[in-house]
Amino acid sequence: WISESQERMTLAIPKKNWETFKNLMIRRGVEATIIGEFNNTGQCIVKYHQKKIVDIDMKFLHDGLPVRPMKTKKPIISFKNSKPPIKKNLNQSLLSMLKQLNITSFEFISKQYDHEVQASSVVKPLQGKGRVNGETTIVKPILNSNYGVALSQGLYPKYSEIDCYQMAACSIDTAIRNLVASGVDINKIALLDNFCWCSSKDPERLYQLKQAAQACYNLTTAYETPFISGKDSMFNDFSGYDKNGRPIKISVLPTLLISSIGVVNDIFKTVTIDAKFPNDLVYVLGETSGEMGGSEYFTLNKTVDDRLPQVNAFKNKKLYENFYQAAQKNIISSSISLTRGGLGVALAKMSLAGNLGLKISLKNLSKKLIRDDYTLFSESQGRILVTINPKNKKMFEKIFKNNYFKLIGQVTKEPQIIIQGSNNKTIINLNIDKIEKAYKSTFKKF
């Protein structure tokens, strides 16, 4: 009875359907045997050769385990905030950002697995002429249908060093926004939670876990994106000794990977990240703030800040619904979700993917005057970078009239990214060749 032999399955079948089911199994050479039936006694009774070997009360089975009291303790996290030096020219900063492990091209991985099965991929792992890694992939599982399935993810383990609630919230928002930016209806998105935690019996780690779980509830009920599955790994810790024989413990950061899956109604209305037409207008949808805590830019500059990006799910949901309306009207030429590295990295990826230039102004992009490097590399959530045909400007702005958005520039034929700061002075002037070299340098030999 407790044998772990493979290729077996236990099913519950209405008694009236048994003969039909049995004959179906016989035709396929599968053995099917009745081993019992459900009743209303509240007891689980198992017999072997008429001898009772199991007799369990269902109430005891479900509620008999004693409650294990567990206490939480809010961790004391204090940072001595610091700032990177102000630079007039940010060329090298952008190139260095594109080499960061969490941002750089991992094309060598995308080439190693077969993502093209029966010509069913719609949006591939590498997008545009420049072969840039996208945040979302879309496949067409039914070859004679225009429906598609989109997959993406969100992950910010560095944020958990400051606030696990916002870490989880940002992961959820990003996983959803990545799909939305490719043309997926937010009302047809589901999520999976993948917890990778450490020392979960520790009161402080348990507190952080509770905060992350609370964010999962708050964000998904606001977005109405249900969790349909997930995985938990709660004790990712190593206890041992260092080279001098002293006890040592190494733990992963509290991490929540959010995977997202969405249904695409029409694969011909999906959107990719590559800029496509010179003279197209460039917009940023959503607000940019100086939220630099845990950012790739501060990591690069070895500086810290406790101001994490904040997620306003109700405001963002309206933006995401409006984006879907615009995508359905075919007025979005290209779009990319702003994630790690913020606007600067997104502009570089969009330009490189399309092998076209961009002329951008950061003036008036943010409601509050913040440093140009913060404007470029802030990881504020709820933002999407888009390009549109100038003839669609009036319709586009009408759709987004109840959202925060800014026109920041246009696509150019010349393969050059030129960005002017808040004082109208050029802070970035880079050829796409240099951008590509930086973006694809980290794993060049892999």
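Mentor: Begin with secondary structure: helices (H or I, at least four residues) and strands (E, at least two) are DSSP runs, numbered from the N terminus. This is a predicted model, in which local features need pLDDT of at least 70 and side-chain atom pairs count only at pLDDT 80 or more, while totals for chains, interfaces and linings use all residues. Residues are numbered from 1 along each chain as its sequence is written, and side-chain values use heavy atoms, with hydrogens and water left out.

Trainee: How many helices and strands does the chain have?

Mentor: There are 12 helices and 19 strands. The C-alpha atoms fill a box of roughly 90 × 60 × 45 Å, taken along the principal axes.

Trainee: Where is Ser199 in that scheme?

Mentor: Ser199 sits in the loop between β8 (189-196) and α6 (203-223). Its phi is positive, about 45°, although Ser199 is not a glycine.

Trainee: Is Ser199 buried or exposed?

Mentor: Take the general idea before the case. Buried means under 20% relative accessible area, exposed means over 50%, and partly exposed lies in between (1.4 Å probe, protein chains only). Ser199 has 11% relative accessibility, so it counts as buried. In the chain as a whole, buried residues make up 46% of the 446 residues.

Trainee: What is the phi of Asn424, and where is this residue found?

Mentor: Asn424 has a positive phi of about 70° and is not a glycine. Its place is the loop between β18 (416-420) and β19 (426-431). With a relative accessible area of 39%, Asn424 is partly exposed.

Trainee: How should I read a contact?

Mentor: Contact means heavy atoms within 4.5 Å. Ser171, in helix α5 (residues 164-180), is a case to study. Leaving aside its neighbours within four places in sequence, Ser171 is in contact with Gly154, Leu155, Tyr156, Leu256 and Ile258. The relative accessible area of Ser171 is 0%, so this residue is buried.

Trainee: What share of the contacts join residues at least 24 apart?

Mentor: Among contacts between residues at least 6 apart in sequence, that share is 78%. Ile109 and Phe446 are 337 residues apart along the chain, and their C-alpha atoms are separated by 8.8 Å. Ile109 lies in helix α4 (residues 107-110) and is partly exposed, at 40% relative accessibility.

Trainee: Now the charges. How many positive and negative side chains are there?

Mentor: Lys and Arg count as positive and Asp and Glu as negative, while His and the chain ends are not counted. The place of a charge is taken as NZ of Lys, CZ of Arg, CG of Asp or CD of Glu. On that count the chain has 63 positive and 39 negative side chains, and the centres of the two sets lie 5 Å apart.

Trainee: Why do some of these side chains pair?

Mentor: Side chains of opposite charge can pair when their charged atoms come close. A salt bridge is a side-chain nitrogen of Lys or Arg within 4 Å of a carboxyl oxygen of Asp or Glu. The structure holds 18 salt bridges.

Trainee: Which residue pairs with Asp55?

Mentor: Lys52 does, with 3.4 Å from N to O. Asp55 is partly exposed at 41%, and Lys52 is partly exposed at 46%. Another salt bridge joins Glu161 and Lys158, whose closest N and O atoms are 3.6 Å apart. Glu161 is partly exposed, with a relative accessible area of 36%, and Lys158 is also partly exposed, at 38%.

Trainee: Which residue meets Asp305 in a salt bridge?

Mentor: Arg307 meets Asp305, at 2.6 Å from N to O. Asp305 counts as buried at 3% relative accessibility, whereas Arg307 is partly exposed at 42%. Elsewhere, salt bridges that share partners join Glu107, Lys111, Arg131, Glu436 and Lys440 into one network.

Trainee: What about the surface: how much of it belongs to carbon and sulfur atoms?

Mentor: Accessible areas come from the Shrake-Rupley method with a 1.4 Å probe; for residues, only the protein chains shown count as cover. The accessible surface of the chain comes to about 25,000 Å², and 53% of it belongs to carbon and sulfur atoms.
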